[in-house]
Number of protein chains: 2
Amino acid sequence: MTEYIFEKSGYDPESVVTDGNRFLIANGYLGIRGTVEEADTSSLPAVNLAGVYDRHEDKWREPVNAPMGLYARLSFNGKACALGEAEPLTHKLAIDYGQSLFMRETGFGPAAISSERLASLAQPHLTAASLTLSFAEDGEAVLKTGISTDIWDLNGPHLFGYKYTPGEVLLCEAVTGEKSIGIAVSQGVSCSVQADEEQLTEQNGIFRELKFSVKSGAKVTVSIFSAVYTGLDTVEPAAEAVRLCGEAKRAGYELCKNDHTKAWADLWRRSEITLEGDPDTRLALKASQYYLNSIAPRHAGNLSIPARGLSGQTYKGAIFWDSEIFLFPMFAYTQPEVAAALLRYRIETLPGALKKAAEYGYRGAFYAWESQEGGTEGCTNFNVVDVFTHRPVRTYFRDKQIHISADIAYALWEYYRITGDRTLLEEGGAEVILECARFYLSRASAHLDGEAVDFADVIGPDEYHERVTNNAFTNRMIRYCMENALRLEQIFDDKKQMFGELLNRLDYRKDLELIKETIGRISPAKTKDGVTEQFDGYFDLEDCSLDTVRARLVNPREYWGGDHGVAGTTQIIKQADVITLMALFPDDFSEDEVAANWEFYEPRTEHGSSLSACMYALTACRIGRPELAWKHFVNTASIDLKGGGKQWAGEIYIGGTHPAANGGAWMIAVLGFAGLTVSDGRLGFNPHLPEQISKLVFPIEFRGKRLQVTVTHDGCDIAER
Amino acid sequence: MTEYIFEKSGYDPESVVTDGNRFLIANGYLGIRGTVEEADTSSLPAVNLAGVYDRHEDKWREPVNAPMGLYARLSFNGKACALGEAEPLTHKLAIDYGQSLFMRETGFGPAAISSERLASLAQPHLTAASLTLSFAEDGEAVLKTGISTDIWDLNGPHLFGYKYTPGEVLLCEAVTGEKSIGIAVSQGVSCSVQADEEQLTEQNGIFRELKFSVKSGAKVTVSIFSAVYTGLDTVEPAAEAVRLCGEAKRAGYELCKNDHTKAWADLWRRSEITLEGDPDTRLALKASQYYLNSIAPRHAGNLSIPARGLSGQTYKGAIFWDSEIFLFPMFAYTQPEVAAALLRYRIETLPGALKKAAEYGYRGAFYAWESQEGGTEGCTNFNVVDVFTHRPVRTYFRDKQIHISADIAYALWEYYRITGDRTLLEEGGAEVILECARFYLSRASAHLDGEAVDFADVIGPDEYHERVTNNAFTNRMIRYCMENALRLEQIFDDKKQMFGELLNRLDYRKDLELIKETIGRISPAKTKDGVTEQFDGYFDLEDCSLDTVRARLVNPREYWGGDHGVAGTTQIIKQADVITLMALFPDDFSEDEVAANWEFYEPRTEHGSSLSACMYALTACRIGRPELAWKHFVNTASIDLKGGGKQWAGEIYIGGTHPAANGGAWMIAVLGFAGLTVSDGRLGFNPHLPEQISKLVFPIEFRGKRLQVTVTHDGCDIAER
């Protein structure tokens, strides 16, 4: 297991933000940033809660960070043994990707701290830490530990009305500002030595001070347990938090850890890809899978995954198309119940999408570009801040990135296509597809004197080019949405009455006819020399190199897109766009066509989004060029391990982990290198292993069967597990 | 006549650019900026030619400035008596608006120069100056005079292959770079004293040095004549230039001046508005009329007037909608032959408009936003330079300001409506209207599931809001264009065969049917509390004051419009938009409606364009509130006299005279204060004199009759002249 432990030695305050992402532990319910126990807000500590949102004043709406129940600060003989207050002699952070454990070792000379921390996968409301304090001198130690409400927020504060209750289990209660959602955090402690305990209620939390005398060479172990519940989980979050914390304390840290690591072992059995190749790549892929697996919503059947996971409030904790197009495949093939949860989130937030469409004067379902709870749109009209004027810039992600609805319809259809399970379609999925198709009917631009139907004034995946017409990806996705809306009739051939009632309830029969008339009229993509034009007029834009465009930047944090950005008026694109189209619709394009487009677009792509590289890698495999995919695979898989990715868009912080890249790494390995396909309900493999990998082994769950797939350069073996 | 002389005393190098505009003399063929005889390029001297364009390399295409044939520099006793080289003791510039004479008086102590300059209205190729040199000491004077090719260009150089021919008449020939159009400038001189003459051919022109001895108290008069011809005028520009110059010299300055001032007297008889009121406003109105009358194309029946007249190369010397909407009315009511020339320019450039439409994939005629010769589009996709990055900014004037075609169709119809003369319609005008309507048919956005026809992604008169949908002004103009396309059939009821052949030639019969089906479907303007919404969603924009928006500027030269501009995302508009609609379609709106819109939009208008104030003034008169119009009238009429108006748009210089404001001042006086209307071929007056004016007298030509209109607070009197 030690193979999958990543360590970083040395104390570097500069990288505290990146390390907070890199050493994140999470369990789908919450994520604890990889900061040390004694961290104050300057280190950006956070217990980030999934699906709990709040708006403060007129700032951006964002997920709520809970008070930190694992706070602990040591002082020894009157001197602080705490980062930021004392210079450490040694310092090491580590994360065990296999067991999902955060670890820390810091030596301050007379005393040293080593700790281990978990966010239980077995019990998502439970977090725990085990601290071992070692002393090289005789003396008096004070460990201040408790629930810190000194919370880091991007656009906060979000919690108000703090109420602190001392006791064996400490309790901190608060409510969110906007919707008065109750948040309860409890804390219990076990200590291996007899300690005097004093409880303190302070401005910034409730704490206990454990005081004890030690001899040189002594080791003291302190176990800390903290439970988190919100009013969205239960009507009595405080009571539940106190109860769970007491139980955990009685069970002890080792038992809690045991349940946790067992759950992770099960999870890895269901999802782990192992590759024979260089150790760095093995580690990177494991890490990548860890970052995604750790944030999957397993505690609820109707939640999705934010664009930066549970690593903080970046991107407003919102759900993007990442979920459907980049995260969905791994879950659909390994943990279909999670894939279903992602989609149920969309089914349940259909009312929000209907409302958004109506707001813009359209019929049907226009999903939020940045979806928060209930499908509320988190995206504002001013999503970038200009670095020169410090003024917000009007951006068009919210109103023009209309492919979002088709992306959701695509994933709903993929779920059915892959699993063969019609349940989701029956339980609201069909309605979503129909309402999405209806949105496009009303969004279309027809001509008075021509047959073509355009989708004008849109943004495709490449966000640098705003307000374009007939984005090839968008038009094809819309057509697929409409095609699937028509296919539903056939899918529900044996449930004619049910489907008929749905059509009646939605008053959809005329629209169904309209869809039939429209599908063939949607403007097809234009091509030139075998290359698909990204949108009408793209080929007329300035054709210059990425370096040329980069050299025009006056400020390194400038936003590249839109009319003012350096890329917006050139052929340089942010991320895979036509290539995403080709990755999602492999049957539409010949190998030659994909190759021509790959060669044209790849050098024109900044890969300024973590959603880009995997699409290039996937299509490289499809044209039998896995060597072209390798670089993108390594970059994609190692993005969070390395702490990479853009940190700034204009003046907005956008750092965090990259779930879409994590999902992308899985896609490259399984859909790309192994070449997994599903066609007419049957699995197929068309492997293209790059030379750097000698063997690839991974599990999948396919239509009730648990399979183990082994791919080598000699071929492919599928066995039932 | 002296009432209409404007003088400025004192030497102020800072205002040399503004003064160049203010003291401009012109005759429609050329304009000479108001700079002194010895000016070098740092003073931006120019002989700006109408309708002669050139592009240098990939810079903006712009009109050509001819070599300066009235150059003269005095030195006395070895010392320069020239601004920029010697500090003057006294200096005065003046312009006689009545006679169109530039005047200058500068005292350098030992010597003084006074001069008078004209650009002949009687003979448009002729310019002349009379210099009086006075000497306060005995000594030797040298006057260097000739043709200077030290030419000021914004985006030049434009002239190449200079050829200099000495002789009694000096000759300078050159050709333009792009199209090799020949330019010939000649110069001849008469001197009141015997002078030694030496001719010099230099790097920067051909000159003669006149040397003579003077006694203290002597006055020497030098008359200079210069003729300009181009290859667009004649096949032999050099011979013509030499001939005309010789003739003028023989006739002498006074005779030339006599012909010139006589022509101006005739012109004033046809067009001069006199008002009884304060002298400043009288002068301002005279000046305003002068600036417009002096640049009207009388030498050719198929030219229009650039947005900054003949004051330089600003705005690329291009023709904008200003011509049809702001300049046309004065000419239509006072000098219909000039009005017809403006429109013939559009009729003859129809091929350019057809080409531009095709370039964008549309049928019909999409006129150039900035039209140069042959209808060539001068507007680029990058018409503003960002002040922070110094990078060009993608602007949408070229591709989205589609109302231009309807503006032209509107003026064509106005010509017919006002004059009752069908000739222009017969001679191409009908075809223009039909092709413009056809353009809109193909530009329209229909819905798959609704009747409404939208015009999406356009820019209205208010250019700060780019890419909007259903701009109320644009939609109404388009509907009018279509209505008039349908009315043509009736107009040509007695020429059925001719009109039928036109329809056949244009393959228009199906389009005529389509127009009939479409007119009623064009989205009408939305209203709220009696206020017409400028475009879909305008009311949802931030509602803040002009001061608030101005306070957000980081750099005073920032461009206000577009997604990055301070105004683009607010309700603050650059210029009259809905109010222009109400000015152009008075019968569509009740007085109450106009009043409600006036009150709503006026405080939200920056008046950042010289096209704005007159529309507000016109509508203020229409609602019986001339007191609201007064401020706008004074500002509009005095803009060039004061040297006002914006000088910069981003980093682009946009200074010059303001023909549209000049035309606007006439409109306020005649269409606003006097309330002139034409309905069913009959004149009507509904005067609303502001209290500042006791009497307004003006001539008009209406359907062959020359009338004199006198308006007082007691009523209105119309007499034949």
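The bend at a residue is taken as the angle between axes fitted to the seven residues ending there and the seven starting there. By this criterion, in the predicted model described here, helix 19 of chain A contains a kink of about 30°, centred on A:M667. Because 15 of the 15 residues of helix 19 of chain A are buried, that is, under 20% relative accessible area, the helix is largely enclosed by the rest of the structure. Just after helix 19, A:G675 of chain A adopts a positive phi of about 70°.

The interface of chain A and chain B was examined next. In chain A, 32 residues are in contact with 32 residues of chain B, and the two chains bury about 2,800 Å² between them, with 54% of this area on carbon and sulfur atoms. On the side of chain A, the residues that lose the most area to chain B are A:R391, A:L448 and A:H564, which together account for 29% of what that side buries.

Polar groups also take part in this interface, where 14 residue pairs are found in polar contact, both residues of each pair being at pLDDT 80 or more. Four salt bridges are counted between chain A and chain B, including one in which the side chains of A:R363 and B:D449 meet at 2.8 Å, N to O. Helix 10 (423-443), strand 22 (445-446) and helix 13 (509-519) of chain A each contribute at least two residues to the side of chain A that touches chain B.

Key. Residues numbered from 1 in each chain as written. Chains lettered and ligands numbered in written order. Heavy atoms only, no water. Helix = DSSP H or I, 4+ residues; strand = E, 2+ residues; numbered from the N terminus. Buried < 20%, exposed > 50% of the residue type's maximum accessible area, 1.4 Å probe, protein only. Contact = heavy atoms within 4.5 Å. Buried area = accessible area lost by both parts, 1.4 Å probe. Polar contact = N/O pair within 3.5 Å; in protein donor to acceptor, adjacent residues only side chain to side chain.
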